[in-house]
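Colleague: I would like to go through the labels on this model one by one. Tell me what each rests on.

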Amino acid sequence: MNLAWKEIKKNKTKFIILGSIIFLVSFLTFIISGLSNGLSQDNAALIKDLPEGQFYMNADADATYNLSRIDASMQDKAMNGQKDAAALSIQMGFVNDADDKQHSIAFVTSTDSKLFESVEKGEIVLDRSLEDKGLKVGDTLTNNQFSGEFTVKAFVDQKKYSHAPVAYINMENYKEIYRVNEMQLVFVPGKEKALEIEGLQSFSNKDFLNTIPSYSAEQMSLNMIVWFLVVISGMLFAIFFYMMNVQKIGLYGILKAIGVKTSSLFGMMWSQMIVITLIALTFSVALSQGFTMIAPAGMPFSLTLQTTVQLSIVFIIIGFIGATLSGIQIKKVEPLQAIQQGEV
Amino acid sequence: MTVFTIDEVKKTFTNGEIDEQVLKGINLSLQEGEITALVGASGSGKSTILTIAAGLQRASDGRVLFEGKNMTDMNQEQIRKIRASEFGFVFQSAHLVPFLTVEEQLMLMLDVSETTMKKKEQKAEVAKILKLVEMNHRSKAYPASLSGGEKQRVAIARAIIHKPKMLFADEPTASLDSKRSKDVMLLIRDLTKTLNITTLMVTHDEEMLSYADHVITMKDGLILQS
Ligand SMILES: Nc1ncnc2c1ncn2[C@@H]1O[C@H](COP(=O)(O)OP(=O)(O)OP(=O)(O)O)[C@@H](O)[C@H]1O
Ligand SMILES: [Mg+2]
């Protein structure tokens, strides 16, 4: 007989309350995680959306890409024969539009590679967010370090760096603006281990992200918030299951007295926990995915189904542990106790 | 025929530093199909010996034999199996499962006793027993909507639905008025006689003793010789 289900059906309110709590807590966690991810996209989509690979910077640069200069011979060595490898530079700067309005941007330039936009001299390719600010294809932009003018050639989606929209420019123009001849970085896509190159230091994508000071600090606090939420929800689950089990001590005692196995009682509790958690999570996954669609465009929010599913699995595991810990009482219940405790 | 023997059973409870011997050597044998009533002053140890016999707690010393098998040597799981399939219990309160209907309470007990009956036969058996306790008209009701006497009748039905060999009852009529008490007592007697169930019952009520085959009086953890 399916005791677990019968109890849920008879005590709907109690289980709906439990389910709502799981729903609210997991929904909150999903949203916060979406915001955290969104901020991280906003901060470094340019890097995050690259395939897994290696960044090289000058070993003397002290892991600060801004200080890195890779001379031509080393650049050749690092890129030698590597498919899709690119030498690139990133610099924060700004451009002025026709109305002399200033826009903060991150200039990016690179050697020919399908991973980065290739741009002709005098042209500029901008992140889509600048389109919302009123810029259009064909507009001309200026920069006070640059003798010529940039013509907006196209907009691209989701290219951000350090919370600024990316502006791809031609390498010649870049060299003029920043008065340098070398690139800061070489990026070599590929999953294999980094090739050791004398005088260069290699970084995985993740390591490279962490060399960006604003990025690592921001992500650390956001991740902390998400994991705190996960831990706190774990405790909430455990406390709720505990209270439910305490309420049912008498019942468990009676069931044991008439000969129900302790393992069946655990099975009953587990299946209730799984059913309630799954239903609650289905709602919060659906709702948070729905929110992804209606989130205002300017809001840094990015929640993939994969992240939600991963977090859901963590919730199920935590709920299971919480329920099991609180279920230790079930094991301890003496049938006699329940019988002597009067009316059930 | 003797089905159940209690042999020199002692029970000591430890309250902090103090050991209190509640049972001081109880000997009792129960005959098949007979009702044995335990009477005696409050605190004399009636419930304690009943629950030890029923496998709900363990004796400190002595032996409890059910059909010749020594229950004091058995592990928890073996005792659980006996409780599930060979014993039935009725207590002062009905202790029904609040979220099951009357019918489901009995189905659960059949389930627990690992009956070999098919679902259909189980349903028929439940209907039959509910008719015996005159509760067939409330088979879909939940315990909360039953009166005290009705609950107790369901509890009795649950105690015997799986055709146990033994029935243990601790003041089954204590929460009922005298008319209802008589009905319940008659019911227990009729059912145990027709099903040939051996019964050990604790009661405070002098009136109930007329339904018993034997009356045993306890005092201070010992049986008074009658
Ligand atoms: N778990 C326990 N721990 C300590 N002492 C206990 C425990 N259970 C029972 N006792 C004591 O054992 C004695 C006998 O208790 P028992 O419940 O068997 O009496 P009883 O004859 O059933 O009384 P009543 O007629 O009031 O139900 C009492 O003094 C009681 O306080
Ligand atoms: Mg008693």
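Predicted model: local features only at pLDDT ≥ 70, side-chain atom pairs only at ≥ 80, totals over all residues.

Colleague: Now Ala280(A). Why is Ala280(A) called buried?

Modeller: Buried means under 20% relative accessible area. Ala280(A) has 4%, so the label applies. Ala280(A) sits in helix H9 of chain A, residues 262–294.

Colleague: Which residues does Ala280(A) touch, leaving out those up to four places away in sequence?

Modeller: Gly19(A), Ile22(A) and Phe23(A). Contact means heavy atoms within 4.5 Å, so these residues meet that cut-off with Ala280(A).

Colleague: How many cavities does the search of the whole structure find?

Modeller: It finds 2 cavities of 30 Å³ or more.

Colleague: What makes the lining of the largest cavity?

Modeller: It has 13 residues; Ala257(A), Ile258(A), Phe89(B), Phe91(B) and Arg158(B) lie nearest the centre. Helix H8 (249–257) of chain A gives two or more residues to that lining, as do strand E6 (87–90) and helix H5 (148–160) of chain B. The largest share, 3 residues, comes from E6(B). By class, the lining has 9 nonpolar, 3 polar and 1 charged.

Colleague: And which residues line the second largest cavity?

Modeller: Among them are Ile52(B), Gln57(B), Arg58(B), Val64(B) and Met71(B). That lining divides into 5 nonpolar, 3 polar and 1 charged.

Colleague: What is the volume of the largest pocket?

Modeller: About 590 Å³. The pocket is lined by 21 residues, and the closest to its centre are Asn37(A), Lys48(A), Tyr215(A), Gln219(A) and Asn223(A). H2, helix H6 (205–210), helix H7 (213–247) and helix H10 (305–326) of chain A each give two or more residues.

Colleague: Which element gives the most to that lining?

Modeller: H7(A), with 6 residues. By class, the pocket lining has 8 nonpolar, 10 polar and 3 charged residues.

Note on methods: Residues numbered from 1 in each chain as written. Chains lettered and ligands numbered in written order. Heavy atoms only, no water. Helix = DSSP H or I, 4+ residues; strand = E, 2+ residues; numbered from the N terminus. Buried < 20%, exposed > 50% of the residue type's maximum accessible area, 1.4 Å probe, protein only. 1 Å grid on protein atoms, 1.4 Å probe; cavity = no way out; pocket = protein on both sides within 12 Å on 5 of 7 lines; lining within 4 Å. Points joined across faces, edges and corners; volume = space filled by probe spheres on them. Nonpolar A, V, L, I, M, F, W, Y, C, P; charged D, E, K, R; others polar.
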